[in-house]
Every structure is written in structure tokens, then in C-alpha cells.
Amino acid sequence: MQPRNMSMSGVVDLAAVKAAGEAKAKAEQARAESARTGGVGAVAPSSLVIDVDEAGFERDVLQRSAEVPVVIDFWAEWCEPCKQLSPLLERLTQEYNGRFLLAKIDVDANQMLMQQFGIQGIPAVFAVVAGQALPLFQGAAPEAQIRQTLDQLVQVAEERFGLTGVAVDAAAQGEETAPAPVPAGPYDALLEAAVQALDAGDFGGAVQAYKNVLSDDPGNTEAKLGLAQAELLGRVQDMDPQQVRQEAAEKPADVNAQIAAADLDLVGGHVEDAFGRLVEAVRRTTAEDRDAARLRLLELFEVVGPDDPRVTAARSALARVLF
């Protein structure tokens, strides 16, 4: 694949004056608040490069981009040019010392993000500045060209948005990764106890039984699915369906009312209605309300299962309203 250079000249057009002013004001406000509260301090060099997935994209990329430019490296294990470009981007990220972050996204595991960015081939590199996605280049570009593009990116981020990056403590090692716990298994008895609790209507007991399994084996698929179902049933057991639906109809902007109604929709078998209600809530709301609706939608995805086509469709709809 031949590199296809994407000029940074479009940044000014994408970043309208009003949006730039608002983003700059928010960045300055965030810095002032951080200084007032003592801030989070300098980050370790290892924190400048992060792996990002669909679930964490809003938090790790969109929200962080209000403080520091985030460069996105779309890659895959089978992509030979990626094996040349990714290490170069990681080295340059360290060299630029906090002027931007590098988010690495495996397209095989996060195809929705690949589709939303309109990527036709990899490697592909984008940046997100103050919530706005900017194409940088595609293919294994020469280092000199990449440096020039990154220089333009950090200049635009600083001059138009007031984003000067994050402080880096070269002596810091970052958080140590704890060794993965060894599954104690087998978990047949605990899982059976959880099922019996569900059948008896003891949703609290089922939740605790599933959590006991997950505390030792966080990747246990059966326990994760069971926990999501038990928590859902526990939330709706004391609801008055008529009252919940009436409040949701009368208060379309009330995110809590919409979340409660979505839970009832799912329990009643109206999967697409539940997903659609929460996608619309995400579209309507901002800040904490928006995050609450998004997180509940992700929880309901777990109840239905990631391979269900209705989940796939709802993920795409969620991406459209987020981006």
C-alpha cells in the first residue's frame, strides 16, 4: 500500500471558530481546576501509549482529547506495514514527551470504530483534537513526513485549542500490572448456586454468586452473562411497569426514566426498543447523563450477547450519535 498523505490544512476548516473557542475555554478551565485541586501530577512515559477498544473510546480518546491531542493508530496483527509503523509511532510519542497521546486500536477487535472512521485500509492514522477527528495519513509513511505532520498537529492543538499536552515524569514507572489471578475452578457449584438463586427470585444472591466466580476468573463468559441478567432482573423486580412507562413518555429528557423503561423493555423481550431508547437518550443528553445512558446500553449488550445482530446494529447506531 502506498502512503496517502492527508494534509493538515483541513484542520482549520473542521475546527470552526466557535468550537475552537469553546474547546480552548474548557481546556483552560480544566487546567485551572486541576491546579486548584492539586492536579493528577505528571504521568509516566508508559502512560503515553494506550490500547483502546470500543467500550473505552469515549473515555480514553474523546474525553482526553479536550486536554491533549490523541493520535490514533489503526492496526492489525496480520498487517505487515503496521509492524513497521506502530513501533515508529510509539518511539515518536515518547520523543514528543506528552505533546500528544497515542491510542492503538486493533481493527479486528474493533470493527465498528474502523467503519465509523471510514477506513479502507491499514495502517491508518488519525488524530482527535477537542472531540474532532482529523485524518493524518495512511500507509507506512516516511519518518520525516510523519514528524512534519505531528509538528503541525501539536501546533494547531496549541494555537487554536490551547492544548499544550501533559507533563511527563521520566522517573515514573507507571502502575505495576498485577499478575493475573489463577482461576481456582471448577466453578460448577457456584454457577449452579447462582442459577438456583435466579430460579428462586433471589437476585441478590445470584449476583453475589456470579461475582464470586468473576473475582477469581474475570473472563468467565457464563458468569459475566449471568451477572448481567441477574442485575437486570434485580433492578426491575420492584418496578411499577405502568408508572415507569408513563414517566418515560412524559419525560423524554429524563435519562433515569429512559434507563428504567429500557430495562423493562428488555425484560419484556422488546430488545430493539430498549436499545433504541438508550441510543436516543445518548443523542439527547450530555456529560454525566450521556455517560449513564451509554453505560446502561453496554450493560444490556452483555445481557443479550455480543454476537446477536441486534447488538451489532445498536453498536453502530451508538457510534453514529457519539461521533
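## Glu58 in helix α3

Glu58 sits in helix α3. Helices here are DSSP runs (H or I, at least four residues), numbered from the N terminus. This is a predicted model, in which local features need pLDDT of at least 70, side-chain atom pairs count only at pLDDT 80 or more, and totals for chains, interfaces and linings use all residues. Residues are numbered from 1 along each chain as its sequence is written, and side-chain values use heavy atoms, with hydrogens and water left out.

Is Glu58 buried or exposed? Glu58 counts as buried because its relative accessibility is 9%. The cut-offs are under 20% relative accessible area for buried, over 50% for exposed, and partly exposed in between (1.4 Å probe, protein chains only).

Which residues does Glu58 touch? Leaving out residues up to four places away in sequence, they are Gln63, Arg290, Asp291, Arg294 and Leu322. Contact means heavy atoms within 4.5 Å. With Arg294, the Glu58 side chain also makes a polar contact, side chain to side chain, at 2.6 Å. A polar contact is a pair of N or O atoms within 3.5 Å; within protein, one must be able to donate a hydrogen and the other to accept it, and residues adjacent in sequence count only if both atoms are side-chain atoms.

## The cavity

A search of the whole structure finds 1 cavity of 30 Å³ or more. The largest cavity holds about 120 Å³ of space. It has 14 lining residues, and those closest to its centre are Glu54, Ala55, Met112, Leu318 and Leu322. Two or more lining residues come from each of α3 (57–63), α5 (111–116), α13 (287–304) and α14 (309–322). Helix α14 gives the largest share, 4 residues.

A cavity is a set of points on a 1 Å grid over the protein atoms alone where a 1.4 Å probe fits but cannot get out; lining residues have an atom within 4 Å of a point. Grid points are joined across faces, edges and corners, and the volume is the space filled by probe spheres set on the points.

The lining of the largest cavity has 10 nonpolar, no polar and 4 charged residues. Nonpolar means Ala, Val, Leu, Ile, Met, Phe, Trp, Tyr, Cys and Pro; charged means Asp, Glu, Lys and Arg; the others, Gly among them, are polar.

## Val195 in helix α7

Val195 belongs to helix α7 (residues 188–199). Val195 is partly exposed because its relative accessible area is 31%.

## Confidence

The average pLDDT (the predictor's confidence in each residue, from 0 to 100) is 80. Over residues 1–20, pLDDT stays under 50. Where pLDDT is low, the predicted coordinates should not be read in detail.

Technical notes. 1 Å grid on protein atoms, 1.4 Å probe; cavity = no way out; pocket = protein on both sides within 12 Å on 5 of 7 lines; lining within 4 Å.
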